[in-house]
Amino acid sequence: MIDVLISFVSVNGSPGVSTAALALTWAWPRHAVVAECDPAGGRALGVFDPDGNHGRTGVFELMLQARNMPLHRAMSSQLLVLPDGTGRRHLLAGVSSPREADSLDWRRLTSLFLDLETVDVLADCGRFRSRATPAAVLSEADLVVAVVRNCRGSLQTFAKAVDVVREEHGVFDHEGLVVLIADPDPRIHQRFPHGEIGKELGLHVVGALPWDPRTAAQFTDLHRPGRKFETSPLLTHARRAADEIGRRAMERMSWLRKPPPVVNGHVR
């Protein structure tokens, strides 16, 4: 079975993309790797390996090893198994500094993601920046998921950035860019109906993640889950969103990677 590459991005004023990518990977129905592709750096290694028992691993070390061995082989040594009990979900940690990010061959790394078989890649590209965002990871993705906080300021900021995201990264077709809503603290922000958000933006809404700071902290601070972690609101909604995102990504992947038709011995 062919894998899919799904890239996640947010705009300024819409935090939560890393939490969303990790929660969705945790809930993903197939083998998956969450790859931290944010040029600003990754934090997940400190969450899941705070004592550094696995050493320094990640995308930078992967590309260093790839100078002396095949890229696929190098990647297998850089993955950290997420402690979900299945052995099917992994972390490819991000860079430790923007300088490391500047030295990476993002296009080559993207080619590796696309060549993997039976493993889906969920790439956390961080906050959208027209110059620093790893363009290849977005433009070659089977689906780009914009994580948008459900409050007036974030929605207005994202609405202004939609055309820029499309133009900068080549996501022109209607199905290539979708929205995942992150609901904020209802005591502070007014929230809008999810259906209305999709209509206003002209984009499909693939799900919503609820305000659940206790569970979110397991992906951002230190992973020490309690017995209600797996049934928490965040993971319950993440499973629903993962199914919808995976379905849409598979459909678009089949369209994007479909070989051109051959008519009378000629490719058209």
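**Salt bridges**

Mentor: Asp 120 and Arg 30 form a salt bridge, with 2.4 Å between the closest N and O atoms. The model is a predicted one.

Trainee: How many residues apart in sequence are the parts that the pair of Asp 120 and Arg 30 ties together?
Mentor: Asp 120 belongs to strand S5 (residues 120-127). Arg 30 sits in the loop between helix H1 (17-27) and strand S2 (32-36). The pair therefore ties together parts whose separation in sequence is 90 residues.

Trainee: Does Arg 30 count as buried or exposed?
Mentor: Buried means under 20% relative accessible area. Asp 120 has 2% relative accessibility, so Asp 120 counts as buried. Arg 30 has 19% relative accessibility, so Arg 30 counts as buried.

Trainee: Arg 56 and Glu 61 also meet in a salt bridge, at 3.3 Å from N to O. Which class does Glu 61 fall into, buried or exposed?
Mentor: Arg 56 has a relative accessible area of 38% and is partly exposed. Glu 61 has 14% relative accessibility, so Glu 61 counts as buried.

Trainee: Where does Arg 107 lie, given its pair with Glu 140?
Mentor: The side chains of Glu 140 and Arg 107 meet in a salt bridge at 3.7 Å, N to O. Glu 140 is in the loop between helix H7 (135-139) and strand S6 (143-149). The two residues are 33 residues apart, and Arg 107 lies in helix H6 (residues 106-115).

Trainee: How many salt bridges does a search of the whole structure find?
Mentor: Some share partners: Glu 175, Glu 244, Arg 247, Arg 248 and Glu 251 are joined into one network. For the whole structure, the search finds 11 salt bridges.

Conventions
Residues numbered from 1 in each chain as written. Predicted model: local features only at pLDDT ≥ 70, side-chain atom pairs only at ≥ 80, totals over all residues. Heavy atoms only, no water. Salt bridge = Lys/Arg side-chain N within 4 Å of Asp/Glu carboxyl O. Helix = DSSP H or I, 4+ residues; strand = E, 2+ residues; numbered from the N terminus. Buried < 20%, exposed > 50% of the residue type's maximum accessible area, 1.4 Å probe, protein only.
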